[in-house]
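Hi,

Here is the structure I promised to pass on.

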Amino acid sequence: MTEPPQPPNQPPTPSGYGHLPGPPQQGYGYPQQGENPYAQQPAHGQQPYPQQPPTVPAYPAHGLQPPAPGASGMPPKKKLTLLVAAAVASLLVLGGVGYVAFGGDDGDPKEPVAQESGDAKPSGSPSVDKGDGSGPGGNQQTDLNAGRKQGEDKVLWLKTTKIDGPGAGVATKGQWVVGDTVAKTVGKTIKGYAVADGKEKWTITFPAEICGMTRRTTDDGKTVVMYADSPSATANCNQIRMVDLKTGKEGWSKEVAKESAFDMFIDPSLAMTGDVVTVNRLTRATAFKISTGEKIFGSPAEGCVPGAYAAGGGKLIGIATCNDPDMTVEVQDADPATGKKTWTYRLPKGWKVSRVYAVDPIVLHLTNASTKENSIVVLGPDGKQRTTLSGEGNFSTECSASHDDTLQGCATAVVDAGTLYLPTKADIGKANEIVAFDLATGKAKWRVPAGEGRTLEPLKAANGQLIAYRRAEPNMGGEVLSVPADGSTPTALLRHPSGLSAPIESSFYSPQVDYADGRFFISTSRLLAQDKDEKLLMVFGK
């Protein structure tokens, strides 16, 4: 990599806890030299939620309001010289991709129920069971498996909600599957549902809106969430609380103190590993024990200061900005017990870390806002660069429909011991593919096409195989696929029904997805909250 001109200054400023207008930030670290840290700038990847959704196929017998899809500005196509496209991603054009058919077992249709998930401000105790569809809210019992074809599996249940909220809607980004419970956030609540039938098990209500979370949990089902210090529009997202997602019980709560006068809780995020959680924000980060809430360490006062940590596999790495004329970005390892570093990896001038795909092994997505270049590099355990990945295809730094722009927010970039799996970007109505890259050589090992007009997203890698989701279309249900280690023909683990449920599954707004214990979970990331029934969480299985 060369040292092109430094990116132009983009002045950032806090407004509330990260709901800021303007273009997204490029990478992690301090504001660029000369920037005013109090000028306005948006949260990563955040876009206003449309007030009126576009027309999509109607939902039979539910009256659910279809969510608005994310904005899709389509830049011109571009031949790549690096692995990924420019920060404004180009589009992949695939030719001659055939439809891939997958088999499955048939079964008797079952009548799942659209269920009311409760008021936007539920009490702290579990609500009355509404699992039969006859509870408050007036939902009609509907067979979502009507029209199910031979070989297709079943909708197990659908959870809906009817709430009234602010014009921008209500955020519902959190989703965790822990044992026999799936937990989902709505505004300032987390609700736990039984994975088998969707019956409500518990509710936790926070004093104000939930504003930061991590998809990770401890081995025994605990996690940490952030919430605002007041209900006002100018609130700070600086409160954290530990919750037990298995039992619905709350643990410790505390306010995250500033590490310096310039410490601002803009676009905060969390990273977890072992018994450590880090609270990341614009220029500083603080680590706490998950078990007790005790502070372990904070960012240093000078030198190369981490504003964010990435975590996983018992390891932490910090993304720091150095106090030098070029505001150089540095990657550091960090001892989870003390925060002390033993190695550093310095980026060339103008380059930043956009994503951390994995911590063990370390796989980084680097971007340069000035030159619009991208690169994916693999570091060894000593912080030395092992390989730079290369291959044909256009890949979005957003990585998935959920537009999660946190440091580890690329839910569809999956890494195992020796392979990175990335989905390519595709135009509307065009197919994409999943590309497997060998981390030792940096070369593409294989590609699996989604099939004509379809989209594939990696979910997880396990036992040498990749688990992927082929997203639903209005007239076709989605599929959960297992791709062999050699990239040969995938096998369908679940084939979702193509009848009444397909237009519902295909139109979740910025969906959060999980596959666990033979069940597939999909939920929305935001509700319109206009006092009309909206889908919240849908579950598929055998």
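Below is what turned up, starting with the disulfides and ending with a pair of strands.

Before you dig in, keep in mind that this is a predicted model.

How many disulfides are there? The count comes to two, taking cysteine sulfur atoms within 2.5 Å as a pair. In case it's a while since you looked at these, a disulfide is a covalent bond between the sulfur atoms of two cysteines.

One of them links C211 and C237, with the sulfur atoms 2.0 Å apart. The angle about the S-S bond is 95°, which makes this link right-handed. C211 sits in strand β8 (residues 210-212), while C237 is in the loop between β9 (222-227) and β10 (239-244), so the bond ties together parts that are 26 residues apart in sequence. Both C211 and C237 are buried.

The other disulfide is formed by C304 and C322, whose sulfur atoms are 2.1 Å apart. This link is right-handed too, with 105° about the S-S bond. Here C304 belongs to strand β16 (residues 304-312) and C322 to strand β17 (residues 315-322), so parts 18 residues apart in sequence are tied together. C304 and C322 are both buried as well.

Now for the strands. Nine of the nine residues of β20 (residues 351-359) are buried, so this strand is largely enclosed by the rest of the structure. A hairpin of two residues connects β20 to β21. The two strands pair in the antiparallel sense over seven bridges, with β21 covering residues 362-368. If you want a spot to look at, find V353, which stands opposite L366 in β21.

Cheers

Methods
Residues numbered from 1 in each chain as written. Predicted model: local features only at pLDDT ≥ 70, side-chain atom pairs only at ≥ 80, totals over all residues. Heavy atoms only, no water. Buried < 20%, exposed > 50% of the residue type's maximum accessible area, 1.4 Å probe, protein only. Helix = DSSP H or I, 4+ residues; strand = E, 2+ residues; numbered from the N terminus. Pairing = 2+ DSSP bridges.
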